[in-house]
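I opened this model to look up a few places in it. These are my notes, in the order I made them.

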Amino acid sequence: MIINTGQRTDIPAFYSEWFARRLSQGFVCVRNPFNYHQVSRYRLEPKIVDVIGFCTKNPAPMFPYMDLLRDYGQYWFVTITPYGPEIEPGVPLWQSVARDFRRLSELVGVNAVGWRYDPIFLSEKYSVDYHLKMFGQMASALEGYTDTAVISFIDMYKKVRRNFPEAAAVPRAQQVLLGRAMIEIAAEHGMTVRPCAEGDFLSEYGADCSGCMTPDVYEKAIGKRLNFPRWTPNRPECGCYIACDIGAYDTCRHFCRYCYANTDKAAVLQNQKMHDPESPFLIGGYMEGDQIHDVKQESWIDPQVSWF
C-alpha cells in the first residue's frame, strides 16, 4: 500500500522528528478532517507499506532520519518556485532547496524524486518572462537529478481568494505560452513536464498529461510492479493515485499566500501549540469519544513482476 504525507501539510519541513518517532513506533493515527472523532490508525511497517509519498518545500530536516526510511519505497516531490518572502514567507531560498534536492536525489535515486514548479501565477513582478528565466535557472541547477518537472497554474479556491485576494487565474493563452516554453526548457535539461490537474491541452507540445503521482511513477521509483486497488481521484481532473494521507490541515508554517490547506495563520499557530512529537497524532492526542479504526493494510507488490 501507499502512505502519503504531503497533501495537507509539509511533514519533512516541520514535523520530521514526529514522523521519525512514528516510523520507530510503527503506527500513526489520523483524524478525518470532516469527522473529527473518526480516527484511522495505520501501521507503518515496510512489509505492508510499499511506498511513502512526500511533497515538501524543504526536505533538509528529514535528512538526519533517512536511515529510518531505508527499508521503505519512497517517492519525493520537492517544490522549488521563484517567489519572494512576500509570497512564501517560510520557504528557504530556492538555491538552498535546490542544493538539498540534489542531495536527496543522491540518497534515494533519480527515479524517486521530482521537481514541482507550482502554482504559477502572474503579476507585475512575476511576469511570463520572469517565470521562464527562473524556470530555466532552476532546471539547469537540477539537471541530472530528476527527470520530472511538474507545473500547474494557480487555482482560485475559497481559501486562496481570501488569503491572496490580488491573485487571479492565468488566462489560457498565457498558460499555453508558458507551458510550451517550459516543455522545451525542461527537455533541454533531460526532464519531462507533467502538468498537474490541467487537462491535456499541453500534450500536443510534448507534456505528459497522465498525472504526477500515478501508478507508473510509484512503480518506477521502487522498481517493482504494484497491484493497485481501484481508486477514484478526489478531483475528476486529477490523474494521481493519492490516498491514506497522514497529515492535517492548518499546520503548515510556510504560510504561502496561495495555500489551499491553511485557513489562516492564526489557525496554524493554534494547532502548533497542540503538537506533541511523542503523540501518535500530528496534532493533539486521543480524545474522549474517538472511534479508532484500524485500517486494513496489505502489500501491493507483485512478486512475479519487476521493472528491472
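**Ground rules.** I am reading a predicted model, in which local features need pLDDT of at least 70 and side-chain atom pairs count only at pLDDT 80 or more, while totals for chains, interfaces and linings use all residues. Residues are numbered from 1 along each chain as its sequence is written, and side-chain values use heavy atoms, with hydrogens and water left out.

**Helix α6.** I took helices (H or I, at least four residues) and strands (E, at least two) as DSSP runs, numbered from the N terminus. Helix α6 covers residues 172-188, which is 17 residues. From first C-alpha to last I get 24 Å, close to the 24 Å expected at 1.5 Å a residue; the expected span is 1.5 Å times one less than the number of residues.

Next I asked which residues of α6 are buried. They are Gln175, Leu178, Gly179, Ala181, Met182, Ile183, Ile185 and Ala186. Buried means under 20% relative accessible area, exposed over 50%, and partly exposed in between (1.4 Å probe, protein chains only). The cover over these residues includes β6 (113-120), α4 (128-142), β7 (148-153) and β8 (192-195). After α6 comes Gly190, with a positive phi near 75 degrees.

**Leu142.** I then went to helix α4, where Leu142 lies. Leu142 counts as buried because its relative accessible area is 0%. Contact here means heavy atoms within 4.5 Å. Apart from neighbours within four places in sequence, Leu142 is in contact with Ile80, Ala98, Phe101, Trp115 and Met191. I also checked Leu142 against Met1: they are 141 residues apart in sequence and 30 Å apart in space, C-alpha to C-alpha.

**Thr146.** Thr146 sits in the loop between α4 and β7. Is Thr146 buried or exposed? Thr146 is buried, because its relative accessibility is 3%. A polar atom of the Thr146 side chain lies 2.7 Å from the backbone oxygen of Val113. The Thr146 side chain also reaches the backbone nitrogen of Thr148, at 3.2 Å. Leaving out residues up to four places away in sequence, Thr146 touches Phe101, Val110, Val113, Gly114, Trp115, Gly190 and Met191.

**Surface patch.** Tyr157, Tyr249 and Tyr260 make a nonpolar surface patch of about 280 Å². Tyr249 is in the loop between β9 (224-226) and α8 (265-272). I noted Tyr249 as partly exposed because its relative accessible area is 32%.

Methods
Patch = residues over 30% accessible without salt bridge, like charges linked within 9 Å, V, L, I, M, F, W, Y side chains within 5 Å. Areas by Shrake-Rupley, 256 points an atom, 1.4 Å probe, with all protein chains shown as cover. Salt bridge = Lys/Arg side-chain N within 4 Å of Asp/Glu carboxyl O. Polar contact = N/O pair within 3.5 Å; in protein donor to acceptor, adjacent residues only side chain to side chain.
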